[in-house]
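Subject: Structure handover and notes

Hello,

Here is the structure we talked about. My notes follow below it.

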Amino acid sequence: MSVFSRRTVVYMILTAVLVLMLSPFGWLVITALKDASELRALPIHWWPHEPTLGNFDQALTLFDYLGYARNSLTISTLYAVLVTLASAWAGYGFARLEAPGKKAVFGVLLSTMMLPGVITLIPTYLMFAKLHLVNTYMPWVLWGLSGAPYLIFLFRQFFTNMPKELEEAAIVDGCGQVRIFWRIFLPQSWPVMATSFILSFSWTWGDYIAPALLLDDARTTLAVKLATGYTNEHGAQLSNLVAAGAVMYVVPVLALFLIMQRGFISGISTSGLK
Amino acid sequence: MSTGQLIDQTAGPRAATSSARRPAGSPRRPTSLRTRRARSFYVFTGPWVLGFLVLTVFPLGYALWLSFTNADGLSDNARFVGLDNYREVLSDPATLDSLWRTGVFTAITVPLTIAAGLLLAVLVNQPIRARGLFRTLLYLPAVVPPVGAALTFKLIFDRDSGAANGALDAAGINGITWLVDPYARYVLIALTVWAVGNGMIISLAGLQDIPRELSEAARVDGASPWQSFTRITLPLLSPVIFFQVITGIIGSLQTFMPLLIALNPTPAGVTAVPESNYFYMIHVFAQYFANGRYGYASALLWVLFAIICVVTFVIFKLSKGAVFYSVEPEPTKRKARTIGGGR
């Protein structure tokens with residue numbers, strides 16, 4: 001502490017960690033810019049001598065990249081819209097209404113947040129197979145319609161803190177609970193809706209196991225196809241195409257996060273914990 | 001729940017308010033509003049309860065039933081085999097090995113990630129310039145979808161074209177074939193710790209809840225920064241750390257990502273996983289896909305579920321006394337970042 005001030009030491013540690021944490025992104029981009037022959041150069045080229053964007057063209061065309069991106073987009077949007085509305089719906093019930101058994105149901109809801117998701121996956125697959133829902137997007141519709149415990153909890157926290165007067169005035173005017181929810185509470189909760197939408201969208205965009213289990217090769221998502229699609233006829237991985245494909249897969253998520261980060265980080269760090 | 005408890009703080013006064021405002025001619029009984037609110041509660045929470053029963057409870061029960069049969073998905077006449085599958089779980093070396101490997105991985109990565117996240121949280125909580133930027137950028141890796149992260153690490157640790165061997169080469173050290181035994185486990189640990197931003201944000205939120213007066217008072221009393229950290233900050237942070245331990249263990253025991261770091265991440269290729277990354281969940285999927293053993297795979301899943309329940313219970317018991325709730329009366333709860341997403 002004598003030579004450097006405490007603050008300087010903090011800066012130095014943080015900068016070092018940051019460089020280490022961000023370097024994988026750098027390597028991903030560098031690999032995506034390398035020609036297949038340059039990829040094998042020895043010693044390694046830390047910066048491509050002849051950077052090329054051709055990998056991105058090939059990554060888009062080797063398989064129907066945009067088609068799989070559309071599948072991902074469809075599933076993710078479908079799930080995110082439904083799960084956000086359904087979670088707001090259930091969250092309203094837990095926040096503003098009373099009934100026998102509420103405590104028990106809420107306890108079950110909280111404990112399901114601890115339930116390991118993978119456990120139910122295989123039996124869920126078998127169940128959907130019996131119902132002929134495999135290879136359709138119906139599982140995501142059903143998952144969406146029932147809401148997600150964590151998001152229900154977020155909405156419940158938000159709705160609990162809203163003033164009682166809003167509801168009382170509406171009841172005096174003869175509004176039913178459904179209309180109070182739809183007309184008064186839901187429009188007020190747009191920050192939570194945005195957080196919920198982004199979270200649930202990125203869960204589905206990033207999910208690998210469920211689409212790998214439930215969807216065939218034509219209908220699967222980009223996450224699945226990206227992991228298996230870029231190989232040559234001998235089954236060897238085409239690393240520069242993987243890198244280009246991964247850049248296009250990851251960048252939209254990162255961009256969305258960077259645009260929304262202020263609300264997002266505070267939403268994640270505070271709403272779930274209070 | 002007794003009927004007396006039903007007249008709670010929210011429904012009670014409101015019922016009184018609206019009946020007071022109701023015109024004298026209206027003969028509605030005061031219970032009717034409460035009944036309607038109760039009915040509304042079931043309408044609002046019903047879809048989730050129904051979904052929970054159909055999409056969670058039923059599959060769990062289905063798996064339990066399958067685990068007592070020799071179902072293989074091909075023939076319809078699955079036969080009841082009693083405890084045979086469970087007996088095999090206890091005697092199958094592949095099962096016990098993969099369970100042990102998963103446990104060791106959990107024992108390494110969970111404390112490592114929590115400690116690193118806590119350290120970063122303390123650092124970005126210092127009064128420094130651009131700390132918002134540091135927070136955002138350090139969190140960034142945690143936003144990368146798991147498949148994107150796995151593929152990125154696969155590129156970095158590629159034997160010929162990866163940066164890891166490039167750096168070793170520049171230092172005059174021979175390259176390492178990272179994605180096979182025994183090095184594959186280190187790649188997986190690095191990949192897991194890369195998402196340290198999640199823990200950092202949770203710990204940071206915990207740190208910001210601690211009143212500053214406490215550490216200032218300690219400093220006045222002559223406590224060193226280290227003493228103030230271990231005697232004040234850590235105990236006050238214990239619920240947040242406890243929460244991370246629980247969700248971390250649950251998530252870690254379900255680790256599935258090694259599959260993507262392996263060479264052929266197709267269901268049929270599960271056995272191509274490097275042995276040091278042949279985890280319990282991979283074993284489950286190998287039994288399920290490669291061998292078609294639905295019954296045995298279901299038994300494996302139920303054993304994992306039981307292990308998770310026991311571990312969670314034991315940690316809850318052990319932490320009594322160690323976890324210190326001063327500001328918040330109940331443990332903090334948040335969805336674990338699992339591969340299955342928000343189901």
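Start with a salt bridge in chain B: the side chains of R293(B) and E88(B) meet at 2.8 Å, N to O. A salt bridge here is a side-chain nitrogen of Lys or Arg within 4 Å of a carboxyl oxygen of Asp or Glu. R293(B) sits in the loop between α14 (280–290) and α15 (294–319) of chain B, and E88(B) in helix α4 (residues 84–91) of that chain, so the pair ties together parts that are 205 residues apart in sequence. Helices (H or I, at least four residues) and strands (E, at least two) are DSSP runs, numbered from the N terminus. R293(B) is partly exposed, with a relative accessible area of 29%. E88(B) is partly exposed as well, at 26%. The cut-offs: buried is under 20% relative accessible area, exposed is over 50%, and partly exposed lies in between (1.4 Å probe, protein chains only).

Before you go further, the conventions. This is a predicted model, in which local features need pLDDT of at least 70 and side-chain atom pairs count only at pLDDT 80 or more, while totals for chains, interfaces and linings use all residues. Residues are numbered from 1 along each chain as its sequence is written, chains are lettered from A and ligands numbered from 1 in the order in which they are written, and side-chain values use heavy atoms, with hydrogens and water left out.

Other salt bridges

The search of the whole structure gives eight salt bridges over all chains. One of them joins the side chains of R101(B) and E275(B), at 4.0 Å, N to O. That pair also links distant parts of the chain: R101(B) is in helix α5 (residues 93–124) of chain B, E275(B) is in the loop between α13 (258–261) and α14 of chain B, and they are 174 residues apart. R101(B) is buried, at 18% relative accessible area. E275(B) counts as exposed, at 53%.

In chain A, the side chains of K225(A) and D217(A) form a salt bridge at 3.2 Å, N to O. K225(A) is buried, with a relative accessible area of 12%. D217(A) is partly exposed, at 48%. There is also a network of salt bridges that links R96(A), E167(A) and R37(B).

Chain B and its helix α10

Chain B has 15 helices and zero strands. Of its 343 residues, 52% count as buried. Contact means heavy atoms within 4.5 Å. Among the contacts in chain B with a separation of 6 or more, 68% are between residues 24 or more positions apart.

How does the span of α10(B) compare with what 1.5 Å a residue predicts? The 13 residues of this helix (residues 197–209) should span 18 Å, and the end C-alpha atoms are 18 Å apart, which agrees. The expected span is 1.5 Å times one less than the number of residues. Of those 13 residues, 11 are buried, so α10(B) is largely enclosed by the rest of the structure. The buried ones include M200(B), I201(B), L204(B) and A205(B).

The axes of α10(B) and helix α12 (residues 225–253) of chain B come within 9 Å and cross at roughly 145°. Contact residues on α10(B) are G199(B), I202(B), S203(B), G206(B) and L207(B); on α12(B) they are T233(B), L237(B), V240(B), F243(B) and Q244(B). By class, this contact has five nonpolar, five polar and no charged residues. Ala, Val, Leu, Ile, Met, Phe, Trp, Tyr, Cys and Pro count as nonpolar, Asp, Glu, Lys and Arg as charged, and the others, Gly among them, as polar. Axes are lines fitted to C-alpha atoms, for helices over the stretch in contact, with angles from 0 to 180 degrees between N-to-C directions.

F155(A) lies in helix α8 (residues 149–160) of chain A. F155(A) is buried, at 0% relative accessible area. Leaving out residues up to four places away in sequence, F155(A) touches T84(A), S87(A), A88(A), G91(A), S189(A), V192(A), M193(A) and S196(A).

N135(A) is in the loop between α6 (121–130) and α7 (138–146) of chain A. N135(A) is buried, at 18%. Beyond four places in sequence, N135(A) is in contact with L214(A), L215(A), D216(A) and R219(A).

T231(A) is in the loop between α13 (222–228) and α14 (239–271) of chain A. T231(A) counts as partly exposed, at 35% relative accessibility.

Best wishes
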